[in-house]
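Subject: Structure for you to look at

Hello,

Here is the structure that we talked about. Please open it first, then read the notes below it.

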Amino acid sequence: MTTTELLDPAVGRLLDALDTGDVDAIGSALMEVDTAVGGDWSAERVVPVRERVLELHRNTRGALVASLVRWMLMLWRPVLTDKAAQQRSALIRLASMVSQGFPQGPARELREDRLHLMGRQWHLTELHEAERLISDELEAGRPVDGAVVAAVRRSALMVRPHYSLVIDLAAALPEPLLSPGEAWADQVLAALDEPGSPGSTDRPWMDLVKHALQAKSPKPNARWERTGRALIDAVGPERARERIAEWLSLVGRPRTLDLVADPDGEGADQLDPHNLDALRGLALLLALTPAHPDTARVLARLVESALRKAPGIGPRAPKVANAAVHCLARLDGEDGLAQLAVLTTRVTYKGTVKELDKALRDRAAALGLSRAEIEELAVPSYGLTDIGGRVEWFGEARVELVVEGSRARQTWYNEVGRAVKTPPAVVRREHADQLKEFKASVKDLEKMLTAQSERLDRQFLARRSWRYGPWRQRLVDHPLVGTLARRLIWTVDGTACAWLDGALRTVTGDELAPAADASVELWHPVACPPESVLAWRAVLEGHGVVQPFKQAHREVYLLTAAEEHTRVYSNRFAAHVLRQHRFHALAAARGWHSQLQLAVDNSFAVPKRLLPEWGLRAEFRVHGMDADWGENYDHLGTDQVRFYPIDAPESLTQAGTGRYSPVRRAGVQEADPVPLAEVPPLVLSEVLRDVDLFVGVTSVGNDPTWSDGGPEGRYRDYWQSYSFGELSQSARERGELLARLLPRLAVGDRCTVDGRFLEVRGELRTYRIHLGSGNILMSPNDTYLCIVPGSDGPADGQPQLPFEGDHMMAVILRKALLLARDGAITDPTITSQIAPC
């Protein structure tokens, strides 16, 4: 039915009810009309009816308001269904309208209730009503709740420029200074209102926060900075540093005021837009305070928090992140530089990546160094006095810290030298500040350790080389980086060597004594004969060396006969189904550039990795699958891997059709793809290794919960073929390693590597774990067994791997150890599947 067809009968029933004066009938008819007009009582057809309602006797209107209140209270208050929420909103709106002019009583409570609901919205949906209610509050001299002010401000920042109502309303509400509802903003507002605080007497803190709100760019002008320094001096530089750092450390905490769920998801995990300038300004002011290690830590955390993605929005506050990067670049000493170095391995948002790159390049240029050199010099020692070791005293107590792999192990000793599990009470009581700084330093150390491991892993494609002298100083003999570099294989003037038994030694154990100007590079197995690679694996395993990433066991992808036939592209990883969002995140972490593809009439850049040191660009062609029009594709189908000259026009994928074509620009000639045989073997191997990783991690085929093909069974055949089909190069390498590890496995006598599977003979059944997907078939009849892996650490009896980072290997080992003792399993989700038929 049309609106008119609904409205006319409803208006008629309301007029009849008004004639009889029946309060309940009037209320029911009001609800009908309200529904028909969508809550808009300013429509020409209903204005006269509204006037008739307001002409009712005051007592009748009071009774009508009370009736509406009773109906409203019948709805469950804490959690409402969408329909109940709409009904409740309508009842409050009608009661507010009927009670116009009432000074106290139920009407006042209803106005407060309505305003309370407005303060729980991310943006206001009924602007005319908000203006009326807020105007009434202001005219009555009553303060408007800060949550309502925040909702008005958010709405003002989101509406179209020509819609001035809400903009004018926001301008009429200057207080509170910040929008409440976020932990950090609430702390600022509380500090400004502290009884007897500087902010309540001579207002220097208020002036400081107001000045922060004036920061409109990531790089303030000289005048803004001069004023900021004066305001910092007014409150005390050290006090300013402590308090601003405390505020900024709260950014990203859960909202202190929950918002009504928005149908479109707006407001979920977002930062209040009104507060962003203040955030940026406070970060810039923090950089002007006295130097302290906490300053760099807080700014680095702010970068990551500001770049956290909100659903449907993307990074929450990239301008704040860029300002924080600018502040880190300005800090004197190694603290800011160290945090910049860590962020380069963690940040993937393109705009902030550019800011980080510029900051490091500017610092390198100022020191006359290269970008790579400045990253190496940015690594602090974190108090380590030898390679991976540190002892710190807290009075008579002490802690011994030892770097083991990617973690720092702590051993505490009390005043009499006895080992204890946690910091002694005397340390917590008498050395609280020193203990806090120590704990923060350990966290920084572990973050840097991960960052440096990832940076070294990238050096293969970066073609990084060193002179022996600087290499020893910056890597091998560095207290922190040395824990990584001494677990890797290097090539010194063409000779492969590693740090073994306190010296550089070849695979045969001969000690090297290179000249200071000898050339050093990371060793890669692609250029070595298989027997040499196997020899290095045996040497490292014999010395108990756990490499920080796969090097001796690194997968090598050589040109195949099929790729020689296709000549310019590889189909090795075509026809897979990937989760788009996981792929997008992993590709960014591996240095690839990709766009989220939408189901719209548009084209999207093909995922690519730039290889400037080689003059090449690698492309991995993908196309969207399964999305409603206008939404992100949930899944991507995979296609070819190609290489182009780095300056060739980039390729695009047409959404919907999946057709690929180059970007065509006037005067720019299209380029032919580079034949795979002309791509350097190391480059080909590393790029295909990345693509293998994308498929192995993001394919729906290695998700045990997809055994039925996922939603609507769309990928049942693909899931079956991937889960138990032919192995990729990484899975084949995994099988070879497992075959060597089985004798060391606690249940090794029950396990056998058989082709594509690790066969495990349990007490109840025999199981076959696929070496690629980790999915399981069990006897008899190869019945599928679903075990969803947890996030636990190594299981009891699991041998130490010769490298870090193979999550699937850990999953397979945990499943093998579990199933070999299947009679002891108590989890009902597993026992119900393995129980004998």
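The protein has 33 helices and 24 strands; helices (H or I, at least four residues) and strands (E, at least two) are DSSP runs, numbered from the N terminus. This is a predicted model, in which local features need pLDDT of at least 70 and side-chain atom pairs count only at pLDDT 80 or more, while totals for chains, interfaces and linings use all residues. Residues are numbered from 1 along each chain as its sequence is written, and side-chain values use heavy atoms, with hydrogens and water left out.

The whole protein

The C-alpha trace spans about 105 × 70 × 70 Å along its principal axes. Of the 837 residues, 52% are buried (buried is under 20% relative accessible area, exposed over 50%, partly exposed in between; 1.4 Å probe, protein chains only). Among contacts (heavy atoms within 4.5 Å) with a separation of 6 or more, 66% are between residues 24 or more positions apart.

Charges

There are 100 positive and 113 negative side chains, and the centres of the two sets lie 2 Å apart. Lys and Arg count as positive, Asp and Glu as negative; His and the chain ends are not counted. The place of a charge is NZ of Lys, CZ of Arg, CG of Asp or CD of Glu.

On the surface, Arg 301, Arg 428, Lys 439 and Lys 443 form a patch of positive charge. Patches take residues with over 30% relative accessible area and no salt bridge, and join like charges within 9 Å, or nonpolar side chains (Val, Leu, Ile, Met, Phe, Trp, Tyr) within 5 Å. A salt bridge is a side-chain nitrogen of Lys or Arg within 4 Å of a carboxyl oxygen of Asp or Glu. Lys 443 sits in helix 22 (residues 432–457) and is exposed, at a relative accessible area of 59%.

Helix 28

In helix 28 (residues 580–589), the buried residues are Gln 580, Phe 583, His 584, Leu 586 and Ala 587. Their cover includes strand 13 (577–579), strand 16 (616–625), strand 17 (635–645) and helix 29 (681–698). After helix 28 comes Gly 591, with a positive phi near 90°.

Gln 100

Gln 100 lies in the loop between helix 5 (82–98) and helix 6 (106–119). Its relative accessibility is 30%, so Gln 100 counts as partly exposed. Not counting residues up to four places away in sequence, Gln 100 touches Arg 50, Leu 54, Arg 61 and Arg 132. From Gln 100 to Trp 471 there are 371 residues in sequence and 80 Å in space, C-alpha to C-alpha.

Regards

Conventions:
Areas by Shrake-Rupley, 256 points an atom, 1.4 Å probe, with all protein chains shown as cover.
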